[in-house]
Protein chains: 2
Amino acid sequence: MKSVLIYSGGLDSTVLLYELLAGGDTVLALSVDYGQRHRVEIEHARQIAESLAVEWELADLSGITHLLAGSSLTSREIAVPHGHYAEDNMKQTVVPNRNMIMLAVACGWAIGRQAERVAYAAHAGDHSIYPDCRPEFAEAVDRAFRLADWREVQLYRPFIAMTKAEIVARGAELHVDFGRTWSCYEGGEIHCGKCGTCFERSEAFQLAKVPDPTPYAATPNYPAPKPPPLK
Amino acid sequence: MKSVLIYSGGLDSTVLLYELLAGGDTVLALSVDYGQRHRVEIEHARQIAESLAVEWELADLSGITHLLAGSSLTSREIAVPHGHYAEDNMKQTVVPNRNMIMLAVACGWAIGRQAERVAYAAHAGDHSIYPDCRPEFAEAVDRAFRLADWREVQLYRPFIAMTKAEIVARGAELHVDFGRTWSCYEGGEIHCGKCGTCFERSEAFQLAKVPDPTPYAATPNYPAPKPPPLK
């Protein structure tokens, strides 16, 4: 089967890349530049795809980012919220309709290249934070995909019911080279260890009991170990 | 109500622009540069919006057109098919998933600007030609729009059951300045009169019995007048 993978170079989509290859798919990996400040992820995506001999393309959406203002992921004037994901502060990291735009572009590539499906790595932990990571949203997009052309394209989201820890565990089985993946929203030289994705990443390795090879600028300490009670 | 209008500068979307303004809407008009050879339409769109004091923006998708190859609308190596629309030759004019991409970008702008709806001018004549102009497709996109953010955005398509001739008739009632609109896929100085959209445009004016102010390089002659029977 031929699949277009929405590929950020992060942990989840890299595990999905390995999963698709293990299943025998021909993968077309698509990274999206939507003006994110953590643009370093694109270079990680390109390098991982190259190392696996996977065709890789960049969708450059810089011509529309002026329409999608107001998010800390694209605006340098708004600070990335620190700490663990929680609905209130993470709303700031939402780029309006980012997922539907990326999925629509991926579907266009899939139609042109006769791919049967678009794969993306939305997982259970995303649902409560981002409306456009919910299963109902994905189902509506899947229906639109199937109707968009004479030939059907399917939206494939095998991680939709999995936690990030379960994705890490699956990645370990597939011998994913986690050290090459990139999660941090800050986009510095190494993972900051303070932003929501760094906490989430570190936590997933802890919960999965898989060694975390990531160098962090500051040690993520979530869940914070409780101090021993004073006696 | 605030509406983001997908605005090509063509006949249908210009009538819809007038319709929305007549209904009291605040309109944000969005033109999309997807590398179409008839890029002249964008300038027509900008000028019409300006003349009506409507906010106008351009979504520049030139960073993704390499993924959407194979259409005569974006490739200079493929000729625009001449003659009236018919499924076989018009398939060449389809840019893969163009409508979903445009709609997703428009929805992103609508979310960011707190608009209640995205309006677009798909009409009954489009259905048989383009899969992504069918009502079922629009319904799936509408559902995705409503789920994409914490606040619902609606997909508004008031012309979905109308013919192009009916749209022209409605435009005449609204005193649309048809001479400023642009339809031709060739993108020359004036309408070519030979491509599918020129035929369709000319035919719509004839059927609506509305004077066609368009200068054509070659007179469109569809439906060809039947010669009088020989006696």
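Residues are numbered from 1 along each chain as its sequence is written, and chains are lettered from A and ligands numbered from 1 in the order in which they are written. Because the model is predicted, local features need pLDDT of at least 70 and side-chain atom pairs count only at pLDDT 80 or more, whereas totals for chains, interfaces and linings use all residues.

Chain B contains an open sheet of 5 strands in the order β3-β2-β1-β4-β5, with parallel pairing. Its edge strands, β3 (55-60) and β5 (154-156), each pair on one side only. The twist from one strand to the next averages 25°. Helices (H or I, at least four residues) and strands (E, at least two) are DSSP runs, numbered from the N terminus; two strands pair if DSSP finds at least two bridges between them. Strands of a sheet pair through backbone hydrogen bonds, either parallel or antiparallel. In chain B, β1 (residues 2-6) and β4 (residues 117-119) are joined in the parallel sense over 3 bridges, and B:Val4 stands opposite B:Val118 of β4(B).

Helix α4 (residues 98-112) of chain B packs on this sheet, touching β1, β2 (26-33), β3, β4 and β5 of chain B, and its direction makes about 155° with that of β1(B). Helix α5 (residues 135-147) of chain B lies across β4 and β5 of chain B and runs at about 145° to β5(B). Axes are lines fitted to C-alpha atoms, for helices over the stretch in contact, and angles run from 0 to 180 degrees between N-to-C directions.

Residues touched by B:Val118, beyond four places in sequence, include B:Val4, B:Leu103, B:Phe145 and B:Leu155. Contact requires C-beta atoms, placed from the backbone, within 7 Å.

Helix α7 (residues 196-208) of chain B is largely enclosed by the rest of the structure, because 10 of its 13 residues are buried. A residue is buried if 20 or more other C-beta atoms, placed from the backbone, lie within 10 Å of its own, exposed if 12 or fewer, and partly exposed in between. B:Arg201 is among the buried residues of α7(B). Just after this helix, B:Lys209 takes a positive phi of about 55°.

In chain A, A:Arg201 is found in helix α7 (residues 196-208). A:Arg201 is buried, with 27 other C-beta atoms within 10 Å. Leaving aside neighbours within four places in sequence, A:Arg201 is in contact with A:Leu11, A:Ser183 and A:Thr214.

Notes. Two residues are in contact if their C-beta atoms, placed from the backbone, lie within 7 Å.
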